[in-house]
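Hi,

Here is the structure I promised to pass on.

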Amino acid sequence: MKRTLTMLWAISVSLFATAQQQTYNITGTAVGYDDMKVTLVTEDKTPIDSTIVVDGKFQLTGPLTVQMVMLRMGGASEALMLHENPIEVTFKKEMAERRGKMVEVPEIKVLNDKEHDLLKDINDMQLFEMMTMMAIALSQEDKKEGMRDSLGMMYVSIKERNKALQDSIARNCPDNYVAAFVMNQLMSKEKSYAELKPLYDNLSDRVKNSAVGQQLTATMNKLNSIGVGSIAPDFALPNADGKEISLSSLRGKVVLLDFWASWCGPCLREAPNVRKVYQKYHDKGFEVFGVSLDEENKRDAWLQAIDKHQLTWLHVSSLKGWNCPVAKLYNVTAVPAMFLLDRDGKIVATNARGEKLEEEVAKLFK
């Protein structure tokens, strides 16, 4: 009898949890577009829900296990941050001029949704920054120096505005899922664990416990493991001869863990400075451990860059580019990325470049 009661209690708890599981609920109008398909897909384009328009209306509902999605219908798409409150959208097509011709342009509008408004602000700013970068690249190809300089100044201004917007959302919207998204997808690429920790702690439990909040928590744990004061995570990768070299095999030496690539201009511009510090302190126990983010088809370029720029230290690579597991382990999203380790393998500085690198290395040999 006791066992039966225990089983019934467990079942009731399970049913209660299921009943309490949060769901998303999207309702929409699309007058005149009956039978049109409406689809929700994840960031990696995996379909998660779909329906069709009936009598000018549609509805999508399901468990809130993912949050960043794209709503697609009638040739239009709109980024959504799913949440437990009702989301209302409308769809219509209007005539607009495109390249001198009048064409039908489909449009999805999300009504009175704070999460969506914040997400749209962020996405618009990201797009603006990306388009400016592309314009700069085109001006370099066309050798239009005046235009390039103007675009460069514009890019700096846009990037600062972008950072200010991200910071404002993270600080002032602690109960919005977009705050966690911004911290996880954008701010974590440029800020340290110590810089993000106060913002993370300020998030509401509702946000922390959400799908996007749990992703941020995982990122925070990763950042903490590669922050100043942490023991650098161990790994092993093959060198040019196929011999695997582990980071832990260098324990007892001061090590500069240097993520770079043969195609990376800033990496190669920093190389003379790294070489100078290497030559000065190598005999005292300083080692540089280069991890290349070149790909398999760039293997020759990797080896040629080592030879051409006299990078006479240890080099390894998975030859998987940005899919390098070690780059992911160290949250490397841009190169050069540098981690300076003391003799015990503890991270003492991140991205110390130029004169700062020699200053930090000198401290470890006093």
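**Helix α9 and its surroundings**

Let me start with α9, residues 299-308, where W302, A305 and I306 are buried (under 20% relative accessible area, with exposed meaning over 50% and partly exposed in between; 1.4 Å probe, protein chains only). Looking down the axis of α9, the buried residues sit within an arc of 100 degrees, so they line one face of the helix; the arc is taken from the directions from the helix axis to the C-beta atoms. The other side of α9 has D300, Q304, D307 and K308 exposed.

What do the buried residues of α9 pack against? They pack against β11 (254-260), β12 (286-292) and β13 (314-317), with contact meaning heavy atoms within 4.5 Å. Just after α9, Q310 has a positive phi of about 55 degrees.

Before you read on: this is a predicted model, where local features need pLDDT of at least 70 and side-chain atom pairs count only at pLDDT 80 or more, while totals for chains, interfaces and linings use all residues. Residues are numbered from 1 along each chain as its sequence is written, and side-chain values use heavy atoms, leaving out hydrogens and water.

As for the whole protein, there are 11 helices and 15 strands (DSSP runs numbered from the N terminus: helices are H or I, at least four residues, and strands are E, at least two). The C-alpha trace spans about 80 × 80 × 40 Å along its principal axes. Of the 366 residues, 43% are buried. Among contacts with a separation of 6 or more, 64% come from residues 24 or more positions apart.

Cheers
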